[in-house]
Amino acid sequence: MKEIILFLLAVVALGVIAGLLQPQKKKKGRTRRPANANKRRSVSTQQKFNRSSKSCRPDEVILSRPLDDLNGTEFERLLALYFRDLGYVVHEVGIGGNDGGVDLVIVDKRGERTAVQAKCYADHNMVPVQTVRELVAAKRNHNCMLTLLVTTSDLTGPAKKEAEQFRVEYWHGGLVGEKLQRWGKWAPAKKRKVRMEVREKQ
């Protein structure tokens, strides 16, 4: 009986010792970060472009930036400028916020209303079928007959099928770029050339 009690006491003692040693191992594993490490990290993140940002730079900046240098709010604003310049009445219903599936409602000269959803995605990030379904459902909330999905990337296969089934017009990245360049007021390439010429002269 004494042996069992001694054995149990030894197990408990080892458990206590192991518990006391455990926090010390964690402390040894930590490395101290230099005091200025946080400053360096915040500077580098400020310099990087944040596509998910809700902020919107001035129209002049938006008109001079390539599509991959715009966040979602700025892409919506660029489309609003584009449609307004083409003679549409533009209602910016979901700019930069929770839009419920519609970012813009554009009204042509005959009074025909189109619900527009804008998706500013990287090339590899395809628009899913759920986005098409949300747009189809949301157009009724804005009293629209037509729908247009505009993306800087493209739609997935199922999303394309759904768009065709429900007659959702969609513009993919290449088509968007062409339309904006033909418009003439969006000129990111020209700005870059001017900057490069200035650098060469210096």
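Buried, in this tour, describes a residue with under 20% relative accessible area, exposed one with over 50%, and partly exposed one in between, using a 1.4 Å probe and protein chains only. The model is predicted, so local features are given only at pLDDT of at least 70 and side-chain atom pairs only at pLDDT 80 or more, whereas totals for chains, interfaces and linings use all residues. Residues are numbered from 1 along each chain as its sequence is written, and side-chain values use heavy atoms, with hydrogens and water left out.

Begin with the whole chain, coloured by secondary structure. Eight helices and five strands are present, where helices (H or I, at least four residues) and strands (E, at least two) are DSSP runs numbered from the N terminus. Along the sequence they follow the order α-α-α-α-β-β-β-α-β-α-β-α-α. Of the 202 residues in the chain, 35% are buried. The accessible surface, from the Shrake-Rupley method with a 1.4 Å probe in which only the protein chains shown count as cover for residues, comes to about 13,900 Å², and carbon and sulfur atoms hold 54% of that surface.

Next, select helix 6, residues 157-165, and show its side chains; Ala159, Glu162 and Ala163 are its buried residues. Viewed down the helix axis, these buried residues fall within an arc of 100 degrees, and so they line one face of helix 6; the arc is that of the directions from the helix axis to the C-beta atoms. An α-helix has 3.6 residues a turn, so residues three or four places apart point the same way. Turn to the other side of helix 6, and you will find Pro158, Lys161, Glu164 and Gln165 exposed.

Now move to Lys119 in strand 3, residues 113-119. Is this lysine, Lys119, buried or exposed? Lys119 is buried, with a relative accessible area of 18%. Leaving aside neighbours within four places in sequence, Lys119 is in contact with Phe75, Val127, Thr131, Leu149, Val150, Thr151 and Thr152.

Finish at Leu9, in helix 1, residues 2-29. Leu9 is exposed, with a relative accessible area of 53%.

Conventions
Contact = heavy atoms within 4.5 Å.
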